[in-house]
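Good morning, and thank you for making the time. I shall go through one chain, moving from its overall make-up to its individual parts.

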Amino acid sequence: KGSQMIARGCGMSPIRREFSTWLQSGAVEVSSRGAGGRSSVSGIVATVFGCTGFLGRYVVNRLGRSGTQVVVPWRGDGLNYRHLKLMGDLGQIVPMEWDLREESSIRSAMIHSDVVINLVGKHFETRNYSFTQVHEEGAATIARIAREVGVSQFIHVSGAGVSLDSLSAWKRSKAAGEIAVRQEFPSAVIVRPTDLFGFEDRLLTRIGKIISKFYMYPLINEGNCKIQPVWVEDVAGVISAAVRDPEGFSGKTLELGGPRVMTMRELVEFAQETTKKPVRYPELPVLAARLIARLYGLRLPALNPEPFFVEDDIFRELEGIVAVPAAGSLTFTDLEIVPTDPTSDDGRTILRLFREGGDRSSLFSSE
């Protein structure tokens, strides 16, 4: 089963459609071959739910460049996944439409897969989906169907510091999701990253946008809330390694935090230094911060379709967003990986986009 290759596409010619049907029939078995690059074949078929999200595109790219055939379930607009098709050789990236409430579409997306990776998540609730529906019920459904169709490995991405007793509804739903996944798929790999940073992230990019627009960044708890940013490529690399070594990672919990625990004030000051903008740091009482975040987090399809900051983020920040390794869990150290520092050139490259004159303005400055 693991070596059965599938091929589906939109607008295929009659010859390609016939060839695709032949492949789906299971008449062809392809073993791994090649040197291990994008044009090789690893013999692994992986389905990545949540592939169109921030972490998803990096995971698909990692898998695609190792010759893994990747099924990329998508919903909404077909334009949302077109950038993923370039991450693998011809026929290696297979888009399929799906819906979290339609079990038949979930089953179809993984029926030929060896590995299922669940990256589905939300940072804010909508009238269509709550945190519980996505992080707990949805994750349990995907895990159950993966077990039923005979998927050999299930990887579920949760979050650092999640707890059923958390003030954050996001953290509570993530913790409940972990329990539900392990009940449905006991050998599942649970990945708990801290806040990710990278291009188009919700951390450094958000800070850069706020200080560029308002020349200020409000802080709560005097800016002493703890954060441990982790480079998105490092997390994607660990997930890719787990796909290549299912036995070594079976049933493991991975606590993935960056190399440095910082305060929020230190991170914002780093952003100010890199963007070279005059920034004020007004301190907000928690109640005032919650009120502002609640208003700013209102999702209005026409005016604010993707809230950048919601009230739940306040609770997460107050509790700290750091990795808390438990007994038996694996960290970057155990995997012999040196994670990227957020204040490295990678972090600076993201923030330089918010300099006056653009990211290359420093080339023409007198400093």
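Let me begin with a term that I shall need throughout: buried means under 20% relative accessible area, exposed means over 50%, and partly exposed is in between, with a 1.4 Å probe and protein chains only. Helices (H or I, at least four residues) and strands (E, at least two) are DSSP runs, numbered from the N terminus. The model is a predicted one, in which local features need pLDDT of at least 70 and side-chain atom pairs count only at pLDDT 80 or more, whereas totals for chains, interfaces and linings use all residues. Residues are numbered from 1 along each chain as its sequence is written, and side-chain values use heavy atoms, with hydrogens and water left out.

First, the chain as a whole. Its secondary structure comprises 12 helices and 13 strands. Of the 367 residues in the chain, 53% are buried. Contact here means heavy atoms within 4.5 Å. Among the contacts with a separation of 6 or more, 76% are between residues 24 or more positions apart. Accessible areas come from the Shrake-Rupley method with a 1.4 Å probe, and for residues only the protein chains shown count as cover. The accessible surface of the chain is about 17200 Å², and carbon and sulfur atoms contribute 52% of that.

I turn now to the covered elements. Strand β5 (residues 153–157) is largely enclosed by the rest of the structure, because 5 of its 5 residues are buried. Which residues point which way from this strand? Gln153, Ile155 and Val157 point to one side of β5, and Phe154 and His156 to the other. Strands count as paired if DSSP finds at least two bridges between them. By that criterion, strand β4 (residues 115–118) pairs with β5 in the parallel sense, over 4 bridges. Within this pairing, Val115 is opposite Gln153 of β5.

Two helices deserve attention here. In helix α2 (residues 54–64), 9 of the 11 residues are buried, and the helix is mostly covered. Those buried in α2 include Phe54, Tyr58, Asn61 and Leu63. Helix α11 (residues 311–319) is also mostly covered, with 7 of its 9 residues buried. In α11 the buried residues are Glu311, Asp312, Asp313, Ile314, Phe315, Arg316 and Glu317. Against what do the buried residues of α11 pack? Their partners are α4 (131–149), α5 (169–184), α6 (204–214), β8 (219–220), α9 and α10. After α11 comes Gly320, which has a positive phi, near 90 degrees.

That brings me to backbone angles in residues that are not glycine. Most residues other than glycine have a negative phi, and most peptide bonds are trans. Glu222 is not a glycine, yet its phi is positive, at about 60 degrees. Glu222 is located in the loop between β8 and β9 (226–227), and this residue is partly exposed, at 48% relative accessible area. Lys276 likewise is not a glycine and has a positive phi of about 60 degrees. Lys276 belongs to the loop between α9 and β13 and is partly exposed, with 46% relative accessibility.

Pro278 is exposed, because its relative accessible area is 59%. Its C-alpha atom is 9.4 Å from that of Ser212, a residue 66 places away along the chain.

Another loop, between α1 (14–24) and β1 (45–49), contains Arg33. Is Arg33 buried or exposed? Arg33 counts as exposed, because its relative accessibility is 52%. Leaving aside residues up to four places away in sequence, Arg33 touches Ser40 and Val41. The C-alpha atoms of Arg33 and Gly67, 34 residues apart along the chain, lie 8.9 Å from each other.

Finally, the cysteines. A disulfide is a pair of cysteine sulfur atoms within 2.5 Å, and the structure holds 0 of them. Cys51 is buried, because its relative accessible area is 0%. Cys225 is buried too, at 3% relative accessibility.
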